[in-house]
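Q: Please take a close look at a single part of this model, the place where two elements meet, and describe its residues and geometry. Please then relate that part to the rest of the chain.

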Amino acid sequence: MINPPIDKMIEKVGCKFALVTLVSKRAHEVVDRQPDSFFESGDTLITYVAKEVYEDKVESV
């Protein structure tokens with residue numbers, strides 16, 4: 001994944017494990033609540049969620 005840059009997202013979240021956990025949990029939320037919404041952007045689900053993390057739309061706990 002090049003965009004958004006993984007190293008910048010790791011800095012925002014703290015570590016790789018936290019990033020993977022956050023993206024995974026958020027992806028499950030998106031599928032449960034809005035199963036088709038991310039397809040409008042043309043991105044895959046993981047790219048859609050990664051962009052949310054990079055743009056600070058999702059916070060790590």
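A: In α2, the residues L19, L22, V23, R26, A27, V30 and V31 meet L45, I46, Y48, V49, E52 and V53 of α3. A contact here means heavy atoms within 4.5 Å; helices (H or I, at least four residues) and strands (E, at least two) are DSSP runs, numbered from the N terminus. By class, the residues joining α2 and α3 comprise 11 nonpolar, no polar and 2 charged. In this count Ala, Val, Leu, Ile, Met, Phe, Trp, Tyr, Cys and Pro are nonpolar, Asp, Glu, Lys and Arg are charged, and the others, Gly among them, are polar.

This is a predicted model, in which local features need pLDDT of at least 70 and side-chain atom pairs count only at pLDDT 80 or more, whereas totals for chains, interfaces and linings use all residues. Residues are numbered from 1 along each chain as its sequence is written, and side-chain values use heavy atoms, with hydrogens and water left out.

The angle at which α2 and α3 pack is about 115 degrees, and their axes lie 9 Å apart. These axes are lines fitted to C-alpha atoms, for helices over the stretch in contact, and the angles run from 0 to 180 degrees between N-to-C directions. The crossing of α2 past α3 is right-handed, that is, the near helix is turned clockwise from the far one by less than a right angle.

Helix α2 itself contains 18 residues and spans 26 Å from first to last C-alpha, close to the 26 Å expected at 1.5 Å a residue, where the expected span is 1.5 Å times one less than the number of residues. Its buried residues are L19, L22, V23, R26, A27 and V30. Because they fall within an arc of 130 degrees when seen down the axis of α2, they line one face of the helix. The arc is taken from the directions from the helix axis to the C-beta atoms; buried means under 20% relative accessible area, exposed over 50%, and partly exposed in between (1.4 Å probe, protein chains only). The cover over this buried face includes α1 and α3. On the other side of α2, F17, V20, K25, H28 and D32 are exposed.

Beyond its neighbours within four places in sequence, R26 touches V49, E52 and V58. K16, also in α2, is by contrast exposed, with 61% relative accessibility.

The remaining helix, α1 (residues 6-13), buries M9, I10 and V13. Since these lie within an arc of 105 degrees seen down the axis of α1, they line one face of that helix. The buried residues of α1 pack against both α2 and α3. Just after α1, G14 adopts a positive phi of about 125 degrees. In the segment after α3 (45-54) lies D56, which has a positive phi of about 60 degrees although it is not a glycine.

As to the whole chain, there are 3 helices and 0 strands, in the order α-α-α along the sequence. Of its 61 residues, 31% are buried. Among contacts with a separation of 6 or more, 50% join residues 24 or more positions apart.
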